[in-house]
Amino acid sequence: MRWLLFLSRVAFICNIFFLLAFSLKVTNWVHNQDIESTIVISGFFLAALFNPLVNLCYLILFLIRKRFWQTVPSWLITANLLFLIMQLFYILYLNDTQHS
């Protein structure tokens, strides 16, 4: 289950970059284009890739009754789940017809 701990940590770091990328949409606080593009790619693309994958692994392991919470801390599971909900709301916000 060490692979799940590793993926959970990667997803959490990408989720932190998601928050940073979202804050870049609100205010432009980074004036270096290279750093800004790294934050946006890590935040929007990699978080959208790793976070659903990790939460799907949590769900599958929970359904087959594996004890993954002994390897992965509960705060990390909760944080990744909350970030997934936040990302789903963000996607719904982007696809709203009255958003323009």
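The model is predicted, with local features requiring pLDDT of at least 70, side-chain atom pairs counted only at pLDDT 80 or more, and totals for chains, interfaces and linings using all residues. Residues are numbered from 1 along each chain as its sequence is written, and side-chain values use heavy atoms, without hydrogens and water.

Rings of Phe, Tyr and Trp (its six-membered ring) were paired if their centres lie within 6.5 Å, with planes under 30 degrees apart counted as stacked, over 60 as edge-to-face and the rest as tilted. The count by this rule is seven aromatic pairs. Phenylalanine 12 and tryptophan 75 are edge-to-face, because their ring centres are 5.6 Å apart and their planes stand at 85 degrees. Phenylalanine 12 belongs to helix α1 (residues 2-26) and tryptophan 75 to helix α3 (residues 74-94), so the pair ties together parts 63 residues apart in sequence. Helices are DSSP runs (H or I, at least four residues), numbered from the N terminus.

Phenylalanine 44 and tyrosine 90 are stacked, since their ring centres are 5.7 Å apart and their planes are at 5 degrees. This pair links helix α2, which holds phenylalanine 44, with helix α3, which holds tyrosine 90, across 46 residues. Tyrosine 90 is buried, at 12% relative accessible area, whereas phenylalanine 44 is partly exposed at 25%; buried means under 20%, exposed over 50% and partly exposed in between (1.4 Å probe, protein chains only). Phe18, Phe22, Phe44 and Tyr90 make up one aromatic cluster.

Leucine 56, in helix α2 (residues 33-63), is partly exposed at 46% relative accessibility.

Key:
Helices (H or I, at least four residues) and strands (E, at least two) are DSSP runs, numbered from the N terminus.
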